[in-house]
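Subject: Structure for you to look at

Dear colleague,

Here is the structure I promised to pass on, with my notes below it.

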Amino acid sequence: LWTLSKSELEFSDLMQLKLVGKGEEAEEDEEATLCGLAGGCCFDFSRLSEHLFLVGTEEGKVHKCSKAYNSQYLNTYEGHYMAVYTVRWNPFNPKVFLSCSADWTVKIW
């Protein structure tokens with residue numbers, strides 16, 4: 001999150017994306033933890049709930065996140081087999097969003 005205050009631009013992390021599906025052993029190993037960070041490709045903030053946002057990852061997952069809970073995902077949507085390059089909330093229905101992936105699919109959730 002970038003914040004401009006008194007002509008000074010400050011940065012703070014909202015969340016570190018972690019790979020989903022890793023076992024307990026991988027979390028204990030320091031090298032596995034460094035390799036266990038997911039790459040975010042895109043994001044979109046909800047227009048109705050300013051604390052909610054979606055993140056599309058290189059692993060083909062879409063995570064619903066909250067600025068209030070920065071250590072966990074609210075929900076994870078699995079349906080793509082390659083990187084998710086676009087996520088967008090539906091402007092007419094706040095519970096619906098779509099995702100577009102490198103696997104040539106568009107999914108409505």
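Of the 109 residues of the protein, 28% count as buried, where buried means under 20% relative accessible area, exposed means over 50% and partly exposed lies in between, with a 1.4 Å probe and protein chains only. Please bear in mind that this is a predicted model, in which local features need pLDDT of at least 70 and side-chain atom pairs count only at pLDDT 80 or more, while totals for chains, interfaces and linings use all residues. Residues are numbered from 1 along each chain as its sequence is written, and side-chain values use heavy atoms, with hydrogens and water left out.

The protein has two helices and nine strands, taken as DSSP runs numbered from the N terminus (H or I of at least four residues for helices, E of at least two for strands). Along the sequence their order is β-β-α-α-β-β-β-β-β-β-β. Among contacts between residues at least 6 apart in sequence, 30% join residues at least 24 apart, a contact being heavy atoms within 4.5 Å.

I would begin with strand β5 (residues 61-66), which is largely enclosed by the rest of the structure, because five of its six residues are buried. Strand β4 (residues 52-57) runs antiparallel to β5 and is joined to it by five bridges, and strands count as paired if DSSP finds at least two bridges between them. Within this pairing, G56 has V62 as its bridge partner in β5, and in the hairpin of the two strands, which has three residues between them, G60 takes a positive phi near 90°. Strand β5 is also joined to β6, by four bridges and again antiparallel, with V62 standing opposite Y77 in β6.

S66, also in strand β5, is buried at 3% relative accessibility. Leaving aside neighbours within four places in sequence, S66 is in contact with H51, L52, F53 and L74; the C-alpha atoms of S66 and H51 are separated by 5.3 Å, although these residues are 15 apart along the chain.

Y77 leads on to the aromatic residues. A search of the whole structure finds six aromatic pairs, counted when the rings of Phe, Tyr and Trp (its six-membered ring) have centres within 6.5 Å, with planes under 30 degrees apart called stacked, over 60 edge-to-face and the rest tilted. One of these is the edge-to-face pair of Y77 and F97, at 5.0 Å centre to centre and 75° between the planes. This pair links distant parts of the chain, with Y77 in strand β6 (residues 75-78) and F97 in strand β8 (residues 97-101), 20 residues apart. The rings of W89 and F97 are also edge-to-face, because their planes stand at 65°, with the centres 5.7 Å apart. Y77 is buried at a relative accessible area of 17%, F97 at 2% and W89 at 11%.

Finally, the surface: its accessible area is about 7900 Å², of which 53% belongs to carbon and sulfur atoms, as given by the Shrake-Rupley method with a 1.4 Å probe, where for residues only the protein chains shown count as cover. L98, V106 and I108 make a nonpolar surface patch of about 300 Å². Patches are made of residues with over 30% relative accessible area and no salt bridge, with like charges joined within 9 Å and nonpolar side chains (Val, Leu, Ile, Met, Phe, Trp, Tyr) within 5 Å; a salt bridge is a side-chain nitrogen of Lys or Arg within 4 Å of a carboxyl oxygen of Asp or Glu. L98 lies in strand β8 and is partly exposed, with a relative accessible area of 33%.

With best wishes
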